[in-house]
Amino acid sequence: MRRLQVLFISLALLGSLAPLSSAMAAALGSFDVSDQVFGKGKPAREAPAANAPAASSTSAVPGEDVVLKASRLYEQGKYAEANALLTEAAEKGDERAAFGLGMMAVRGQGKNGKEDYKAAEKWWLQSARAGNPEAQFQLGLLYNSGFLGGANNSAAREWWEKSAAKGHGDAMYCLGRMYAQGEGVKKDQAKAAEWYGKAAQLGHPDAQYQLAMMYAQGEGVPQDKGKAKEWLGKAAQNKHPLARQALDHFEK
């Protein structure tokens, strides 16, 4: 069964022409809803802190204690109880709870016990409209995936742009891929390089690798082997699986 990927896999491994929607096909992996919703730790993928959404600035939202209790229940595997409490908090306006409900929906941990992308859309929209950059990013993935009855790349781009404006590196990377491939937009290698560059500056290894390839080939940027080697080196330091081999080739 296809499952929405919220642990954003390395698109570089999918090949340079793979559509972004391919990134939605893998299992959910080790994403910890309680960490992400309640601001306790790491973002959805291993990435620099700049990629992570900021913890909610709302310190006294209605139902806050309910949200924290739901976190503990989720960690104990009591999904039905956690879902009920998150719903209560989300209906009172807590965007963190709304984000968590969306995550549970795509994992089949919602009210009907099945993957529910429409429910995820509903809750992520609430959270995204409240300014949650991770919800904005995941909503973009959902629209791009086609799981709602067909890809909506215009909506995906809109939400990724909002997320990127808040410093979300994966959203920047996705925008770079869209322009590099002409997926839902006019193909524009210069814009692709611009978005890759922004994500690369945040330490995003896939963006660093793709930017290096653009410098190596002179696509979207003037050909510059020195900059290609520089970005490959940074991608290799960030453990990009293809960067070391490419760098070795440059150094021969």
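**View 1. Aromatic pairs in the predicted model.** Searching the whole structure turns up 4 aromatic pairs; rings of Phe, Tyr and Trp (its six-membered ring) pair if their centres lie within 6.5 Å, with planes under 30 degrees apart counted as stacked, over 60 as edge-to-face and the rest as tilted. In one of them, the ring centres of Y117 and F147 are 4.8 Å apart and the planes are at 40°, so this pair is tilted. Y117 belongs to helix α5 (residues 117-129) and F147 to the loop between α6 (133-145) and α7 (153-165), so the pair ties together parts 30 residues apart in sequence. Helices here are DSSP runs (H or I, at least four residues), numbered from the N terminus. Both Y117 and F147 are buried, where buried means under 20% relative accessible area (1.4 Å probe, protein chains only).

Before moving on, a note on the model. This is a predicted model, in which local features need pLDDT of at least 70 and side-chain atom pairs count only at pLDDT 80 or more, while totals for chains, interfaces and linings use all residues. Residues are numbered from 1 along each chain as its sequence is written, and side-chain values use heavy atoms, with hydrogens and water left out.

**View 2. Y173 meets Y196.** Here is another tilted aromatic pair: Y173 and Y196 are 5.6 Å centre to centre, with 35° between the planes. Y173 sits in helix α8 (residues 169-181) and Y196 in helix α9 (residues 189-201), so the pair ties together parts that are 23 residues apart in sequence. Y173 and Y196 are both buried.

**View 3. The nonpolar cores.** A nonpolar core is a set of buried Ala, Val, Leu, Ile, Met, Phe, Trp, Tyr and Cys residues joined through side-chain atoms within 4.5 Å. Which residues have the most contacts inside the largest core? They are W124, L139, W160, Y196 and L232, in a core of 53 residues. A second, separate core has 15 residues, including A90, A97, L101 and M104.

**View 4. A look along helix α5.** Among the buried residues of α5 are Y117, W123, W124 and L125. The buried residues of this helix pack against α3, α4, α6 and α7, with contact meaning heavy atoms within 4.5 Å. Just after α5, G131 takes a positive phi of about 100°.

Note on methods:
Helix = DSSP H or I, 4+ residues; strand = E, 2+ residues; numbered from the N terminus. Buried < 20%, exposed > 50% of the residue type's maximum accessible area, 1.4 Å probe, protein only.
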